[in-house]
Amino acid sequence: MAIVAAVLAGRGPMTAAWHANLGALAQARGDRAGDRSDGTRAAAFAEARTQFDRALALNADDVSAQRRLGLLDLATGNYDGAAAHLRAAWRLDPASLTTQKAYGLAAVWTGELALAADLLHGVPGMVDELNVWSRWRESRGERALAIAAAQVSLRLDPAQPTATDWLRG
């Protein structure tokens, strides 16, 4: 009963968690919508952002809201915003591999390559994933992001030929 009362009162960490969870549901709806052009994805992501912002207004240390806003910003290309939210989430929960990896990728996309390499070092499969990101970014005409991914891949494994050959090509 106390939990329901806290949520209905509209304040505190319980209410913040409630809004973070509502945001997560909206974010999942947006993710499921894919690249539909009817606005479904954008509307769901806007609802998610509103809920996450409400959660953070109630509790700036809500790690779920910080992490999910960072992931949402990554998904929508707002890399500076992603880096800020993921940095906050990582400081709140440095043991989260999800946050560490997402923050590392945000650092790649914002050009903070040394930070990216530090964060992504030891993350399983990251060298191969960065090489895939590099090729995908190149295929979309995003050459600067493609180069950044390849450079971080090489920082993680200087002896690997994939990124070296791609950068020379």
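In this predicted model, glutamine 27 sits in helix H2, which covers residues 13-33. With a relative accessible area of 4%, glutamine 27 falls below the 20% limit and is therefore classed as buried. Once neighbours within four places in sequence are set aside, the contacts of glutamine 27 are Phe45, Ala48, Phe52, Arg68, Leu71 and Leu72. Three of these partners, Arg68, Leu71 and Leu72, carry numbers that fall in the range of helix H4, residues 63-76.

Towards the other end of the numbering, leucine 167 belongs to helix H10, made up of residues 161-168. Its relative accessible area is 30%, so leucine 167 counts as partly exposed, a class that lies between the 20% and 50% limits. Apart from residues up to four places away in sequence, leucine 167 touches Ile147, Ala150, Gln151 and Leu154.

Attention now turns to the open space in the model. The largest pocket holds about 290 Å³. Its lining consists of 14 residues, and those closest to the pocket centre are Leu74, Ala75, Tyr79, Trp136 and Arg140. Sorted by class, the lining comprises seven nonpolar residues, five charged residues and two polar residues.

The fold as a whole provides the setting for these local features. The protein contains ten helices and zero strands, and reading along the sequence gives the pattern α-α-α-α-α-α-α-α-α-α. Along the principal axes, the C-alpha trace spans about 60 × 40 × 20 Å. Of the 169 residues in the protein, 41% are buried, and glutamine 27 is one of the buried residues.

Contacts and surface complete the description. When contacts between residues at least 6 apart in sequence are considered, 47% of them join residues at least 24 apart. The accessible surface of the protein amounts to about 8,900 Å², and carbon and sulfur atoms account for 55% of that area.

Methods: Residues are numbered from 1 along each chain as its sequence is written. This is a predicted model: local features need pLDDT of at least 70, side-chain atom pairs count only at pLDDT 80 or more; totals for chains, interfaces and linings use all residues. Side-chain values use heavy atoms; hydrogens and water are left out. On a 1 Å grid over the protein atoms alone, a cavity is a set of points where a 1.4 Å probe fits but cannot get out, and a pocket is an open set with protein on both sides within 12 Å along at least five of seven lines; lining residues have an atom within 4 Å of a point. Grid points are joined across faces, edges and corners, and a volume is the space filled by probe spheres set on the points. Helices (H or I, at least four residues) and strands (E, at least two) are DSSP runs, numbered from the N terminus. Ala, Val, Leu, Ile, Met, Phe, Trp, Tyr, Cys and Pro count as nonpolar, Asp, Glu, Lys and Arg as charged, and the others, Gly among them, as polar. Buried means under 20% relative accessible area, exposed over 50%, partly exposed in between (1.4 Å probe, protein chains only). Contact means heavy atoms within 4.5 Å. Accessible areas come from the Shrake-Rupley method with a 1.4 Å probe; for residues, only the protein chains shown count as cover.
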